[in-house]
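Here is a short note to read alongside the model. Keep the structure open and look up each element as it comes up.

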Amino acid sequence: MSAQTPAQTLAQKLVARAAGVATVADDQIVTCRVDLAMMHDSGGPRRVDSKLRFLGAGIWDPDRVVVVSDHFVPAVDLDSAQILQFTRAWVAEHGIKHFYDMRGICHVVLPEHGHLAPGMFVVGGDSHSPTGGAWGAFMVGIGATEMAGVLVTGEIWIRVPRTLRVLLNGQFMDGVAAKDVLLHLCATLGMENEYRVIEFAGSLLPSLPMPERMTLCNMTAELGAKTGLIAPDEVTYAALRAVGRDLTPEPHWRSDPDAAVEQSCIVDVAQLPPQVAAPHSPANAAPVHAHGKVAIDQAYIGACTGAKLADLHMAARVLKGRKVHPRTRLLVAPASARTMMQASRDGTLTTLTEAGAIVLPSGCGACAGMGAGVLAAKEVCIASTARNFQGRMGAKDSLVYLGSPYTVAASAIEGMLADPRPFLS
Amino acid sequence: MKLIGGKAFVLGDRIDTDLLAPGAHMRKPIEELKWHCLEAVDPEFARRVKAGDVLIAGRGFGIGSSREQAAQALKELGIGCVVARSFARIFYRNALNLGLPVLVCEEDFSVRAGDDVEVDIRAGVLRNCTQGHFARAQPMPDFLIAMLDAGGLLPQLKLKLAQRLRSPC
């Protein structure tokens with residue numbers, strides 16, 4: 001880079017590369033080449049098929065398309081069964097090799113199978129697509145019409161986002177996790193950070209494993225951001241090697257030290273107690289004790305946000321040798337088939353089921369109000385998921401609280417909202 | 001882009017995609033799903049809206065899922081325009097891609113449910129004809145107005161693809 005090149009944020013570098021230019025400026029509108037397009041059974045084939053037919057055009061590059069059936073799996077009624085059948089037929093018709101049928105939730109399946117790498121520009125037909133930012137890829141969520149446009153052209157317009165840098169300093173106290181950070185940020189930064197990228201940095205990051213980084217980036221969707229980003233480091237490249245991607249570390253993929261960010265904020269994570277968000281918004285987050293006594297009907301550990309292997313390990317640490325409260329049911333839907341297999345092999349599923357947990361199939365399930373575990377009228381749930389919007393998990397007047405897997409597990413034992421820290425000492 | 005005019009429906013902040021397109025009805029085709037749009041806020045909403053009516057909302061309209069049905073349900077019900085102080089980015093793009101006009105208006109705008117309102121997308125102006133005042137909205141980039149004029153992304157793209165075939169470079 002010449003001395004004249006303006007300093008760039010990581011977000012700017014990633015967008016510039018995809019736009020085929022040396023540098024970009026905040027708010028500039030550019031057209032980007034898409035390295036990978038991911039879609040699922042809900043927003044994917046069943047929604048884009050008629051649009052492609054209308055355009056009379058094929059897919060620009062089927063090898064750059066990944067389809068994951070995760071929303072209506074396994075089929076619980078005829079409508080779901082037919083959506084899944086249609087998805088299978090569609091990927092076969094279009095020669096899409098990268099198809100994961102009931103292998104887990106797209107945001108977890110994608111990196112598990114080595115589809116993400118630093119420097120990539122990726123679109124996903126799902127709002128939690130920012131999860132990919134944990135891998136140093138620029139990944140944004142889009143809707144079905146936009147996806148049809150990408151499938152035909154391989155391109156998308158984008159407004160270059162400003163960067164909000166969140167410095168996470170210190171180390172978590174035991175029983176606190178990335179989920180608590182994001183709930184805290186939803187309350188403090190609000191959910192209207194539109195046209196911004198949330199870049200996570202700080203002294204917590206070098207020791208923060210990939211699943212926790214994915215949780216951070218995943219819930220930038222709840223902050224209203226375009227996406228989340230974490231500069232790839234040794235942890236990233238080691239995780240990539242573990243999924244068969246032996247890449248040479250590329251120092252380019254980090255913000256230049258003097259790059260201008262719109263805003264910075266610092267979170268002293270060592271002082272952060274477990275957080276819980278009250279219905280019906282992640283922004284209603286506060287320390288768990290602030291919510292008073294709340295009896296729980298259902299505790300749910302699931303979703304791309306909160307059912308990766310590391311999340312199941314958190315729950316198992318709390319539940320080991322204990323029992324779920326009689327008034328509460330604990331449902332666990334591991335985020336992927338591979339997660340299920342690993343949790344089975346390492347004894348985590350034994351710990352959970354001995355405590356009384358019911359294990360559900362991998363998929364988006366009850367988090368999206370679609371699969372097993374939906375809520376009846378006035379029922380109260382605590383979930384390790386990302387969203388507690390009104391009616392999302394079932395009945396319009398059901399109540400969903402959000403917490404980390406630690407907090408969900410502790411609440412399942414107590415039968416009411418509970419701080420997990422006493423269970424770990 | 002023609003003037004849009006109708007009755008105002010007034011909503012608060014963070015009208016999310018689960019309110020607009022409830023998950024429990026997501027298996028259903030849009031013709032059925034649309035009747036559940038905003039039912040948790042106003043059970044009569046879908047039956048009361050008329051072609052050209054305007055939604056006026058606060059911050060973060062459309063936050064949540066990428067489900068395009070959130071914008072599509074409003075369009076199918078005949079909503080002429082959604083005006084909000086800010087939009088969730090995926091909803092904003094979905095709406096424009098489907099040809100549903102959306103306008104960001106950060107100025108205070110006094111409006112009561114049922115007021116006659118008028119939206120001029122090109123000029124970026126929102127008028128309350130009942131109360132006799134107006135507010136200035138954020139101007140929309142020309143390429144997005146062109147997409148709305150074409151009826152959304154797909155009709156515009158279809159035209160571009162046809163032109164590309166006619167004049168290969």
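The points below go through a predicted model, one region at a time.

1. **The contact between the chains.** Start where chain A meets chain B. The contact takes 40 residues from chain A and 33 residues from chain B. On the chain A side, α2 (45-55), α3 (78-93) and α5 each supply at least two residues. Which helix gives the most to this side? It is α5(A), with six residues. By class, the side of chain A that touches chain B has 14 nonpolar, 15 polar and 11 charged residues.

2. **Helix α5 of chain A.** This helix spans residues 144-153 and is mostly covered. Nine of its 10 residues are buried. Among them are A:Ala144, A:Met147, A:Leu151 and A:Val152. A:Glu146 is also on the buried list, as is A:Gly149. Look just past the end of the helix too. There A:Gly154 takes a positive phi of about 75°.

3. **How α2 and α5 of chain A pack.** Two packed helices are described by the angle between their axes and the distance between the axes. Here the axes of α2(A) and α5(A) come within 9 Å. They cross at roughly 50°. The two helices are therefore oblique to each other. Their crossing is right-handed.

4. **The residues behind that crossing.** From α2(A) come A:Arg47, A:Val48, A:Lys51, A:Leu52 and A:Leu55. They meet A:Ala144, A:Thr145, A:Met147, A:Ala148, A:Leu151 and A:Val152 in α5(A). By class, this contact has eight nonpolar, one polar and two charged residues. An α-helix has 3.6 residues a turn, so residues three or four places apart point the same way. Keep that in mind when you read the numbers in the two lists.

5. **The four-stranded sheet of chain A.** Strands of a sheet pair through backbone hydrogen bonds, either parallel or antiparallel. This sheet is open, and its order is β10-β9-β8-β11, with parallel pairing.

6. Strand β8 (residues 162-169) and strand β9 (residues 196-201) of chain A are joined by six bridges. As one landmark, A:Leu167 stands opposite A:Ala201 in β9(A). Helix α1 (residues 10-19) of chain A lies across β8, β9 and β10. The helix runs at about 125° to β9(A).

7. **The seven-stranded sheet of chain B.** This open sheet has the order β4-β3-β2-β1-β5-β6-β7, with mixed pairing. Its edge strands are β4 (102-104) and β7 of chain B; each has a single partner strand, so one side of each has no neighbour in the sheet. On average, neighbouring strands are turned by 30° against each other, direction ignored.

8. **The parallel part, around β3 of chain B.** Strand β2 (residues 54-57) pairs with β3(B) in the parallel sense over four bridges. B:Leu55 has B:Val82 as its bridge partner. β3(B) also pairs with β4(B), again parallel, over three bridges. There B:Val82 is partnered by B:Val102. Are the faces of β3(B) covered or open? Both are covered: B:Cys81 and B:Val83 are buried on one side, B:Val82 and B:Ala84 on the other.

9. **The antiparallel part, with two hairpins.** Strands β5 (residues 116-120) and β6 (residues 125-128) of chain B pair over four bridges in the antiparallel sense. B:Val117 is the bridge partner of B:Asn128. Four residues lie between these strands, and in the turn B:Gly124 has a positive phi of about 70°. Next, four bridges join β6(B) to β7 (residues 133-136), also antiparallel. B:Arg127 pairs with B:Phe134 there. In this second hairpin, B:Gly132 takes a positive phi near 75°.

10. **One exposed residue.** A:Ser425 sits in the segment after α13 (405-414) of chain A. Why is A:Ser425 called exposed? A:Ser425 has 6 other C-beta atoms within 10 Å, and a residue counts as exposed at 12 or fewer. A:Ser425 and A:Asp174 are 251 residues apart in sequence, but 8.4 Å apart in space, C-alpha to C-alpha.

Methods
Residues numbered from 1 in each chain as written. Chains lettered and ligands numbered in written order. Predicted model: local features only at pLDDT ≥ 70, side-chain atom pairs only at ≥ 80, totals over all residues. Buried ≥ 20, exposed ≤ 12 C-beta atoms within 10 Å, placed from the backbone. Pairing = 2+ DSSP bridges. Contact = placed C-beta atoms within 7 Å. Axes fitted to C-alpha atoms, helices over the stretch in contact; angles between N-to-C directions. Nonpolar A, V, L, I, M, F, W, Y, C, P; charged D, E, K, R; others polar. Parallel < 35°, antiparallel > 145°, perpendicular 65-115°, else oblique. Left-handed = near helix turned anticlockwise from the far one by under 90°.
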